[in-house]
Amino acid sequence: MTSDQVIDLLREAYNDELETVMNYLTNSIVLDGVHAEGIKESLDLDVDEELNHARMLGQRLKQLDARPPASFDFEAAQEGLQPPENSTDILSVIDGVIAAEDDAISTYRSLINAAEEADDPVTEDLAVELLSDEEAHRAEFRGFRREYKD
């Protein structure tokens with residue numbers, strides 16, 4: 001039997017993935033400058049991956065007889081990933097991506113634990129798969145971050 005905590009975490013992750021899609025897409029469009037191209041390409045590619053994560057989470061919610069959140073349920077939380085006022089402020093976007101990935105990693109670890117406690121191996125496996133993707137993306141942006149000096 002899946003717990004309410006698992007459902008809540010699946011909905012939270014779904015919401016976060018969709019917010020990430022919006023912010024990655026916008027940042028991939030608005031960034032300017034010589035150093036922006038690699039970041040824009042990575043963000044653009046990750047839009048599809050993050051959207052696929054949301055699809056997978058939504059399907060899992062449906063399988064558990066729960067409804068994925070819709071737009072009226074949406075609560076934005078990614079302050080650090082908002083597109084910068086200065087479109088050449090690449091570093092703020094890199095830092096925002098790392099913070100968003102840290103949040104996603106934390107959510108997926110919580111989901112893994114909750115799913116294990118609820119004896120829900122399907123959700124646990126899904127969370128492990130998504131955790132791996134988020135850790136890889138964070139590592140990529142940590143690499144971008146090392147190219148900049150504070």
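In this predicted model, the axes of helix α2 and helix α3 (residues 90-117) come within 12 Å and cross at roughly 25°. Helices here are DSSP runs of H or I with at least four residues, numbered from the N terminus. Axes are lines fitted to C-alpha atoms over the stretch in contact, and angles run from 0 to 180 degrees between N-to-C directions. The crossing angle therefore makes α2 roughly parallel to α3, where angles under 35 degrees count as roughly parallel, over 145 as roughly antiparallel, 65 to 115 as roughly perpendicular and the rest as oblique. The crossing of α2 and α3 is left-handed, a term for a near helix turned anticlockwise from the far one by less than a right angle.

On the α2 side, the contact with α3 (heavy atoms within 4.5 Å) is made by Ala36, Ile39, Leu43, Glu50 and Leu57. Their counterparts on α3 are Ile90, Val93, Ile94, Val97, Glu101 and Tyr108. By class, this contact of α2 with α3 has nine nonpolar, no polar and two charged residues. In this scheme, Ala, Val, Leu, Ile, Met, Phe, Trp, Tyr, Cys and Pro count as nonpolar, Asp, Glu, Lys and Arg as charged, and the others, Gly among them, as polar.

Helix α2 also packs against helix α4, at an angle of about 170° and with the axes 11 Å apart. The pair α2 and α4 is therefore roughly antiparallel. Residues of α2 in this contact include Gly38, Ser42, Asp46, His53 and Arg60, and those of α4 include Val122, Leu126, Asp133, His137, Phe141 and Phe144. The residues of the contact of α2 with α4 divide into nine nonpolar, five polar and eight charged.

The contact of α1 with α2 comprises 15 nonpolar, five polar and seven charged residues. As with α2 and α3, α1 passes α2 in a left-handed crossing.

Some individual residues round out the picture. The structure holds one aromatic pair, formed by Phe141 and Phe144, which is edge-to-face at 4.9 Å centre to centre and 85° between the planes. Rings of Phe, Tyr and Trp (its six-membered ring) pair if their centres lie within 6.5 Å, with planes under 30 degrees apart counted as stacked, over 60 as edge-to-face and the rest as tilted. Because Phe141 and Phe144 are three residues apart in helix α4 (residues 121-146), about one helical turn separates them. Both Phe141 and Phe144 are buried, meaning under 20% relative accessible area, against over 50% for exposed and partly exposed in between (1.4 Å probe, protein chains only).

Ala127, also found in helix α4, is buried with a relative accessible area of 0%. Leaving aside neighbours within four places in sequence, Ala127 is in contact with Tyr108, Leu111 and Ile112. Ala127 and Ser110 are 17 residues apart in sequence and 9.1 Å apart in space, C-alpha to C-alpha. In helix α1, Asn23 is buried, with a relative accessible area of 5%. Asn23 touches Gln78, Leu81, Gln82 and Pro83, not counting residues up to four places away in sequence.

Residues are numbered from 1 along each chain as its sequence is written, and side-chain values use heavy atoms, with hydrogens and water left out. Since the model is predicted, local features need pLDDT of at least 70 and side-chain atom pairs count only at pLDDT 80 or more, while totals for chains, interfaces and linings use all residues.

Notes
Helices (H or I, at least four residues) and strands (E, at least two) are DSSP runs, numbered from the N terminus.
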